[in-house]
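I opened my notebook to get to know a new structure. Here is what I looked up, entry by entry.

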Amino acid sequence: MTTRRRKASLSLDRIALKGLRARGRHGVLPAERELGQEFVVDATLFLDTAPAAAGDDLTKTVHYGELAEALVKVVEGEPVELIETLAQRLADVCLAGELVSKVEVSVHKPAAPIPLPFDDVVVTIERSRV
């Protein structure tokens, strides 16, 4: 088996950032836009971390502190009506790093305006490089 085939058959590693909280003004209702609410983001990035590990080199992986700051900026930024749209914007930020091959993003809206008892509303999307 050639080296190229061996690399292609390996699965990608994952870096996960879970439970990132930020206040945003996303939603369809005027009160959601006016008052805002907490959103919780989970992001799992798929990439090859072997080069970073081999050289103990942060530049060859994802700096999750910087990623967290960038994701919070999106949540706190321009309001959208749908959390599906917010999830797409967050996925775009994750995929901006050229080392990331695929991302799974979940946006939780635990205070969604639903007049019934519930635990959470979550939209999860998966995106990859084209």
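I began with terms: two strands pair if DSSP finds at least two bridges between them. Helices (H or I, at least four residues) and strands (E, at least two) are DSSP runs, numbered from the N terminus.

I noted that this is a predicted model, where local features need pLDDT of at least 70, side-chain atom pairs count only at pLDDT 80 or more, and totals for chains, interfaces and linings use all residues. Residues are numbered from 1 along each chain as its sequence is written, and side-chain values use heavy atoms, with hydrogens and water left out.

Entry on the sheet. I found an open sheet of four strands, ordered E1-E2-E3-E4, with antiparallel pairing. Strand E1 (13–24) and strand E4 (122–128) each have a single partner strand, so one side of each is left without a neighbour in the sheet.

Entry on one pair. I looked at E2 (residues 37–47) and E3 (residues 102–108), which are antiparallel and joined by seven bridges. Which residue in E3 is the bridge partner of Thr44? I found Glu104.

Entry on the helices. Helix H4 (residues 64–76) packs on the sheet and touches E1 and E2, contact meaning heavy atoms within 4.5 Å. Helix H5 (residues 83–95) also packs on the sheet, touching E2, E3 and E4.

Entry on a loop. I located Val28 in the loop between E1 and helix H2 (30–35). Is Val28 buried or exposed? Val28 counts as exposed because its relative accessibility is 52%; buried means under 20% relative accessible area, exposed over 50%, and partly exposed in between (1.4 Å probe, protein chains only).

Key. Axes are lines fitted to C-alpha atoms, for helices over the stretch in contact, and angles run from 0 to 180 degrees between N-to-C directions.
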